[in-house]
Amino acid sequence: MSSIQANSGIKSRERKRLLIGLLFISPWIFGFLVFQLYPIIMSLYYSFTEYNLFNAPQWVGLSNYIEMTKDVKMYQSLYNTIFITIFGFFPQLIYALGIALLLNQSVKGLSIYRTIYFLPTLVPAVASSLLWLWLLNAQYGLVNQMLGAIGLPEPNWLLDANWTKPSLIFMGFWGTGTTTIMYLAALQEVPKMYYEAASIDGASRWRKFWHITLPAISPMTFFLIIMGLIGSFQYFSQGYVFADSSGQAIGGPSNSILFYAIYLFQNAFVFLKMGYASAMAWLLFVVVLILTLVIFRSSGKWVFYGGDK
């Protein structure tokens, strides 16, 4: 009898602890259900409807998805997004690694250099975009003044469709401080004994970098690639500010900076095609999911963790 009472007492305490735990995390549960799970479910439903925010949604089945296959602007926005990912994100990742290698050297005033290089990342995306609008102005911008001083061509960065995406890529190099700091943290975790053993064997700096540094920081590279791809496919603020400054429609000159997220925003809140925008959002989710899974599947061949041989 006493053992039964003891077991019931234990179960009672466990239920009490469970209730207390649920009470503490109830704000998060409420926020997740109301502000995340519910919008996700509703966006999936809206993607099969025609909905303009004012009238009740009308079921149209796969019409929105079929319309996307015929939408030229959707393909152009996807092209612009892939362009900024391939020629923007990946070069900036390599650049950030190079700067991190330099900031990992033992020189005087290193903390000052690290601070100066990291400072631009503290500026919000919109504010930094406005700053670069001034720097890249074709008439009085500092960049063109410097190019003209050394006899190089002075592009019309903001109004020439051939230069709008390069201008955004150029600006992106200025804001790689966070990536650099993360690479720097990974570099400082590489055991020094590996380099000492390689030096004894007569390895060159390049061989040390290729066979020691890159494998050792591969987990950080893996993380940065995953997060960077997700961020690139949601590229919005900088492109929107640059497009707005051109005085033309959303998307800039000849829709050269009409990125996928901008076109999704345009459909949702300018054209009020919320159903179509929801379908675009789910297409974006599928594309990013597939790319992420491909990277995860391939990571076993190039990502090395501590203890891997």
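Reply: A note on terms first: helices are DSSP runs of H or I with at least four residues, strands are runs of E with at least two, and numbering starts at the N terminus. This is a predicted model, in which local features need pLDDT of at least 70 and side-chain atom pairs count only at pLDDT 80 or more, whereas totals for chains, interfaces and linings use all residues. Residues are numbered from 1 along each chain as its sequence is written, and side-chain values use heavy atoms, with hydrogens and water left out.

Me: Aromatics, then. How many aromatic pairs does the count come to?

Reply: The count comes to 26 aromatic pairs. Rings of Phe, Tyr and Trp (its six-membered ring) pair if their centres lie within 6.5 Å, and planes under 30 degrees apart are stacked, over 60 edge-to-face and the rest tilted.

Me: Where do Y79 and F83 sit in the helix?

Reply: Both belong to helix α3, and because Y79 and F83 are four residues apart there, about one helical turn separates them. Y79 is partly exposed at 49% relative accessibility; buried means under 20% relative accessible area, exposed over 50% and partly exposed in between, with a 1.4 Å probe and protein chains only.

Me: And W206 with F209: what is the distance centre to centre?

Reply: That pair is tilted as well, at 5.8 Å centre to centre and 35 degrees between the planes. W206 and F209 are three residues apart in helix α10 (residues 205-216), about one turn of the helix. W206 is exposed at 56% relative accessibility, whereas F209 is buried at 18%.

Me: Which residues form one aromatic cluster?

Reply: Y45, Y46, F48, Y51, W59 and Y65 form one cluster.

Me: Which residue lies over the face of F83?

Reply: K165 does, at 5.3 Å from the ring centre. The rule asks for NZ of Lys or CZ of Arg within 6 Å of the ring centre and within 35 degrees of the ring normal. K273 lies over the face of Y276 at 4.6 Å from the ring centre.

Me: Staying with K273: with which residue does it form a salt bridge?

Reply: The partner of K273 is E67, and the closest N and O atoms are 3.2 Å apart. The pair links distant parts of the chain, 206 residues apart, with K273 in the loop between α13 (260-270) and α14 (274-302) and E67 in helix α2 (residues 63-69). Both ends are partly exposed, K273 at 30% and E67 at 34%. The count comes to one salt bridge, defined as a side-chain nitrogen of Lys or Arg within 4 Å of a carboxyl oxygen of Asp or Glu.

Me: New topic. Is T213 buried or exposed?

Reply: T213 is buried, with a relative accessible area of 5%, and it lies in helix α10. T213 and A186 are 27 residues apart in sequence and 9.4 Å apart in space, C-alpha to C-alpha.

Me: Thank you. That covers my topics.
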